[in-house]
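I opened this entry to look up how two chains meet. Then I turned to one helix.

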There are 2 protein chains.
Amino acid sequence: MSTEKNFEWAFAKHPAPNADVDEQVFSLREIEYPTAPSEGQVLLRATYISVDPYMRIRMNDGGDSYFQPFEVNKAFNGGVTAEVVASNAPEYQPGDKVIGFLSWKKFQLVSLNEHKELLKLPNDITSSYFLGSLGMPALSAYFPLTEYAQLTPESTVFVSGASGAVGLSVGQLSKVFGVKKIVGSASSAEKLKLAKEVGRYDDAINYRTEDLDKALSQQFPDGIDVYWDNVGGSTLETVLKHMRNKGRIICCGAISQYNPSGEYGVKNLFLIVSKRLSLHGFIVSDWADRYPEANKKLVQWYYDGKIVPHETVLEGFESVPKAFLGLFKGDNQGKMIIKV
Amino acid sequence: MSTEKNFEWAFAKHPAPNADVDEQVFSLREIEYPTAPSEGQVLLRATYISVDPYMRIRMNDGGDSYFQPFEVNKAFNGGVTAEVVASNAPEYQPGDKVIGFLSWKKFQLVSLNEHKELLKLPNDITSSYFLGSLGMPALSAYFPLTEYAQLTPESTVFVSGASGAVGLSVGQLSKVFGVKKIVGSASSAEKLKLAKEVGRYDDAINYRTEDLDKALSQQFPDGIDVYWDNVGGSTLETVLKHMRNKGRIICCGAISQYNPSGEYGVKNLFLIVSKRLSLHGFIVSDWADRYPEANKKLVQWYYDGKIVPHETVLEGFESVPKAFLGLFKGDNQGKMIIKV
């Protein structure tokens, strides 16, 4: 038995119905160090934790029928990487690196038959990358770009939230697939630089200091074929004006709309009709059976230098609330990660 | 030469930027009776004129890049049926019935090489049907239902504007294709009756006297697979709440939004993401090369009694403004037609 202390981040309470989320939903609690693994179990030590905007929806009371809500008084869970501390299963050895949909606990026992998603990670790539540029954000870019975007070498692409985890992956993968021009938007000079240097965007628009409408007219005099929408709201309304006929909109997120105070009514949806646009919402897990195919390609593109890691790492298990709340304040550049 | 008088409806002026359309945009003018047809021309006498909601967009100044705007001081044009009065082309004989994209004139000369869309109509079916239940509204239902709706015998379908021309065709064709349940909405008891009796809807909701949100909960306890949106605005916002995961929305029109006073901001578009919905705008002419295939089926279904004509006919060429303005007041049941 270890003498190490163990902790978890538990879901303290639902955010008030018309309030933005704050620190009070998070509760750090000391918990017992796990017992030795029984047959078919592994004892894991968390190495990196991912916080993602969609988790805001999981905090709603009753909430959405799709995302499994967090349970009050239980530990949060999500994408986590870990190291095997002890194993009672032949497939795993102490020291193995893994990724899974795990609890936000420093140490946890995991039954393999309840965690079929658990996956061994290579030793020569930093584990955290599999939460970001080689993980869910990259898969979230890969499938809609291949399924819905109909990219050609003539395509013009605009991406809001270009410096976020998914936004950077959309940039990198669009360049892998080949497009005529890709431009992103973000909220600071630093982020524009990141979008261009890491996300491989041809150009980027600072939506806080520039007039988005005018900037889009300049960047896309002939209009936009594909809009990757990470933010929703008034940005969508502005971009709709610049879409070309038969354009495609990938509805990936609406981070500006997850908190109730952000709800914005989009007025010009008749443009969907007159421009014959298509809009596609998605959730990456719909393609779960195709993850292996995509993962293999992503890792290859990483070795080829076409995918470059991008992450904002906050140090320490105690940083979880700061990291999560930071997502909604625009604190992150690329994937927001907690190094446990 | 005929001694008959000739008239046209001309586009008098653009509606004021923030005003709804009114009678002042229409100008009835006496014009010259056409000369005898030159080679390759036919002289036509209009029999039925179609007025359609999308024409409101064609009235905007500068307007939309997609719909060809009406030109001030020139005759309106659109779907019109006619009879050949005189012909200088071997394919047409006096007395032939035709349909085409023609001017709103009692008599007009048409050059066949400028009107390749001109089509001969059968003598045993009333011409006006080809402007409605066998024409554009039916084609507007046929293509999206087959291309986007993914109908199965288990599909639940909701249609706003169910008693309009397209709405009735959507009902009839959904029944031809086979669905589990189809419910429509309309604004009066008379229209609900029409939707059920002519449109073959299983049930219908009066959105003026019933709470749409509650009615949808009752009609679709397990949610809606396919929403055919003829109206946009707050109706779309309400229906989004009732969509099932992976539902399809066909964006056919936004009649409530064509007039500037109707602009409504839709607040809950994040449901597109969380429910992984797809939305498809369309314009029926995108499938123009497949009209013959569809027309053949529609006429067959008409002979089989599966398609039943539906039209509101106003008598007299002078009724044009009343018919058009009536579209936005909900005066029509089924296709709005002017009998010249």
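I counted two residues as in contact if their C-beta atoms, placed from the backbone, lie within 7 Å. This is a predicted model: local features need pLDDT of at least 70, side-chain atom pairs count only at pLDDT 80 or more, and totals for chains, interfaces and linings use all residues. Residues are numbered from 1 along each chain as its sequence is written, and chains are lettered from A and ligands numbered from 1 in the order written.

**Interface.** I found that 100% of the interface residues of chain A are also interface residues in chain B, so the copies meet through the same surface. Chain A gives 32 residues to the contact and chain B gives 32 residues.

Strand 13 of chain A pairs with strand 13 (residues 278–281) of chain B, antiparallel, over three bridges. Pairing needs at least two DSSP bridges. Leu279(A) sits opposite Leu279(B) there.

**Helix 4 of chain A.** Which residues of helix 4 (residues 189–197) are buried? I called a residue buried if 20 or more other C-beta atoms lie within 10 Å of its own, exposed if 12 or fewer, and partly exposed in between, with C-beta atoms placed from the backbone. Lys191(A), Leu192(A), Leu194(A) and Ala195(A) are buried.

Conventions
Helices (H or I, at least four residues) and strands (E, at least two) are DSSP runs, numbered from the N terminus.
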